[in-house]
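Dear colleague,

Here is the structure that I promised to hand over, with the sequence alongside. My notes on what was found in it follow below, arranged so that you can read them next to the model.

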Amino acid sequence: MNTVITSDSALVAAELAAGKIVAVPTETVYGLGANALDGNAVARIYEAKERPRFNPVIVHVKSFSEFEKYAEEIPQSVKTLADRFSPGPVTYILKKKNVIPDIVTAGNDSVGLRIPDHPVFQDLLAQCGFPLAAPSANMFGRISPTTAEEALKELGGRIEYILDGGRCSVGIESTVISFLNEPPEILRKGAVTREQIEETIGAIASDDKRDRLLSPGLLDSHYAPRKPLLIADDMPGDKILSELNACFLDLAKFGDLRNIAVNLFTEMRKLDEAGCGVIVCTKVENSGIGEAINDKLQRASCGKISFVNGSPVITNLKYA
Ligand code: TXA
Ligand code: MG
């Protein structure tokens, strides 16, 4: 199958209405979209991404007024958060209504709803008139695409169209918050931070219960390059890098944390395609969006590297 990058949103809307899947731009990362009300179309997403069927996909809607069509018992705190952060990078996990096919939610009785803040996606939703199910447009477990060209690298040959919306302005996935219990709980760290959420709706659950959750964003290994990625405490010198045949994932060059997030996946992908055999990085400042960036680095990594008397010691290899 030949995959074409297009700017023709009317064409893409028609394809989606016909039950096809198309990669589409959002402000976070590119998504692989399908009509969320068409179970057969959503099944094609799982197939194309080789995503396990137990991982539910997010449903994207145009505005908050649509939430009540797809979710029940929406707490006031959702409205309060949506007033501040939506459209934007927040996904609300709510009790689902029956109109959402089981395949979207992987059989769970909850649904993730998000209002994307990207003009091209918003325009597409208006043309479609139905909500769009869209997980990130990467092969399962791999690095999410943040440009149309990267989406082509991930899914080229598997889908017919990629709708071009330029580079994603956020660069990492939405914050996923569950409202199924009181207090609400962050299931996946993202662009909107815990501090911002707590400032808006008060205290939410602590993150120590996360392991029990079935979210691919919470699998230990995710967002991963094909090469081993090692996390170092300090930046290694050139000599050690060359001895290890490693390249250094230099995030500091992007300046502030927001700009690091915008460039994170692209930079990881570049080094994955570079000549070295190993990628080494250091974590970023663990505050604000830095927490989500470090979470991605941790899940992308397969081990740690430290330096004892100048010699590298590698530990915690997940795939040793
Ligand atoms: O920024 C984003 O959220 C991007 C763009 C395309 O919108 N989408 C995205 O989708 O990251 P995906 O499928 O790669 O990640 C969605 C996350 C997963 O961790 C999934 O398990 C979780 O949200 N999720 C979706 N529906 C859920 C549900 N009903 N219950 C619990 N977790 C859910
Ligand atoms: Mg994903």
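I begin with Tyr92, which is buried, with a relative accessible area of 0% (buried means under 20% relative accessible area, exposed over 50%, and partly exposed in between, with a 1.4 Å probe and protein chains only). Before going further, please note that this is a predicted model, in which local features need pLDDT of at least 70 and side-chain atom pairs count only at pLDDT 80 or more, while totals for chains, interfaces and linings use all residues. Residues are numbered from 1 along each chain as its sequence is written, chains are lettered from A and ligands numbered from 1 in the order in which they are written, and side-chain values use heavy atoms, with hydrogens and water left out.

Helices (H or I, at least four residues) and strands (E, at least two) are DSSP runs, numbered from the N terminus, and two strands pair if DSSP finds at least two bridges between them. Strand 6 pairs in the antiparallel sense with strand 5 (residues 71-72) over two bridges, and with strand 7 (residues 110-114), again antiparallel, over five bridges. With strand 10 (residues 175-178), strand 6 runs parallel, joined by four bridges. As for individual residues, Lys95 is the bridge partner of Glu72 and has Ser110 as its bridge partner in strand 7, while Tyr92 has Ile177 as its bridge partner in strand 10.

Aromatic rings

A pair of aromatic rings is described by the distance of the centres and the angle of the planes. Rings of Phe, Tyr and Trp (its six-membered ring) are taken as a pair if their centres lie within 6.5 Å, with planes under 30 degrees apart counted as stacked, over 60 as edge-to-face and the rest as tilted. By this rule the count comes to four aromatic pairs. In one of them, the rings of Phe64 and Phe67 have centres 4.8 Å apart and planes at 40°, so the pair is tilted. Phe64 counts as partly exposed at 25% relative accessibility, whereas Phe67 counts as buried at 0%. The rings of Phe67 and Tyr92 have their centres 5.6 Å apart and their planes at 65°, so this pair is edge-to-face. Phe67 lies in helix 3 (residues 67-70) and Tyr92 in strand 6, so the pair ties together parts that are 25 residues apart in sequence. Phe64, Phe67, Tyr92 and Phe179 form one aromatic cluster.

Elsewhere, an open sheet of five strands has the order 13-14-12-15-16, with mixed pairing. Its edge strands are strand 13 (246-248) and strand 16 (311-315), each of which pairs on one side only. Strand 15 (residues 303-308) and strand 16 run antiparallel and are joined by five bridges, and Ser306 stands opposite Val313 in strand 16.

Thr146

Thr146 has its place in the loop between strand 8 (132-133) and helix 7 (148-155), and at 0% relative accessibility it counts as buried. Leaving aside residues up to four places away in sequence, Thr146 touches Thr28, Val29, Tyr30, Gly166, Arg167, Cys168, Gly171, Phe265 and Thr266, where contact means heavy atoms within 4.5 Å.

Backbone points to check

Most residues other than glycine have a negative phi, and most peptide bonds are trans. The peptide bond from Ser86 to Pro87 is cis, with omega near 0°, and Pro87 is found in the loop between helix 4 (76-85) and strand 6. The bond from Glu182 to Pro183 is also cis, with omega near -10°, and Pro183 sits in the loop between strand 10 and strand 11 (185-188). Glu73, in the loop between strand 5 and helix 4, has a positive phi near 50° and counts as exposed at 62% relative accessibility. Ala106, in the loop between helix 5 (102-105) and strand 7, has a positive phi of about 55° although it is not a glycine, and it is partly exposed, with a relative accessible area of 24%.
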